[in-house]
Amino acid sequence: MDGLQPLRAVDLEFLERAPVRHELIEPVRAPAARVFAAISADPSTWTWFPGLDEGGYEGDGRLGVGARRWVRMGEWTYRETILAWDAPHRWAYRVDETSSPMFRALLEDWRIDATGAGAAQVRWTFAIDPAPGTEPLLDALPQVLGDVFRGAMQGLDAYLAAPPQD
């Protein structure tokens, strides 16, 4: 993965002090444990997430806090470290390196809450320290993130409703 630039290493407290923070909430008609399992799975299985081309966990295959993974979305590649793995309710990671010039720091926090009748609500927090010169793009970010997240949760809903493939 050549051409990746390091981002500032942040911890979970960054969620509270990030210069830019967006929080989105969408329902999924599946139990919280199934939603968590799909979200925390190897990103190569994320066929439900729009724009994700490929990815995977690195290393020995152990999952949890400290695990590293990578994803490619279009022209951008990201290498990440898992910061929270509290099945079935919370999964968070920071981006350590990226080919995108938009960020100095980036952390994503996924929280899954059961809502009854075998359904869940997913809360996605996208916390960033934007790079200088990206201010014009920040105006469009809420709409873009909303569209991506809504599409992802609709895709996840359909993915989890589909019968298992043999």
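Which hand does the crossing of α2 and α4 have? The crossing is right-handed, where right-handed means that the near helix is turned clockwise from the far one by less than a right angle, and left-handed that it is turned anticlockwise. Please keep in mind that this is a predicted model, in which local features need pLDDT of at least 70, side-chain atom pairs count only at pLDDT 80 or more, and totals for chains, interfaces and linings use all residues. Residues are numbered from 1 along each chain as its sequence is written, and side-chain values use heavy atoms, with hydrogens and water left out. Helices (H or I, at least four residues) and strands (E, at least two) are DSSP runs, numbered from the N terminus.

**The helix pair**

- The axes of α2 and α4 come within 11 Å and cross at roughly 110 degrees; axes are lines fitted to C-alpha atoms, for helices over the stretch in contact, with angles from 0 to 180 degrees between N-to-C directions.
- That makes α2 roughly perpendicular to α4, a label used for 65 to 115 degrees (under 35 is roughly parallel, over 145 roughly antiparallel, the rest oblique).
- R34, V35, A38 and I39 of α2 meet L156, Y159 and L160 of α4; contact means heavy atoms within 4.5 Å.

**The cores**

- The largest nonpolar core has 40 residues, and V35, I39 and W110 touch the most other members. Such a core is a set of buried Ala, Val, Leu, Ile, Met, Phe, Trp, Tyr and Cys residues joined through side-chain atoms within 4.5 Å, with buried meaning under 20% relative accessible area, exposed over 50% and partly exposed in between (1.4 Å probe, protein chains only).
- Helix α4 gives the most to this core, with 7 residues.
- Beyond its neighbours within four places in sequence, W110 has contacts that include I39, W46, F49 and M153.
- A second, separate core holds 8 residues, among them F14, L15, L83 and A127.

**Strand β8 and its partners**

- In β8, 10 of the 12 residues are buried, so the strand is largely enclosed by the rest of the structure.
- β8 pairs in the antiparallel sense with β2 over 9 bridges and with β7 over 12 bridges; two strands pair if DSSP finds at least two bridges between them.
- Within β8, T125 stands opposite E23, while A127 stands opposite L107.

**Backbone points to check by eye**

- β7 and β8 form a hairpin with 2 residues between them, and A117 in the turn has a positive phi of about 55 degrees.
- A117 counts as exposed, at 88% relative accessibility.
- A cis peptide bond joins A87 and P88, with omega about 0 degrees; P88 lies in the loop between β5 and β6.
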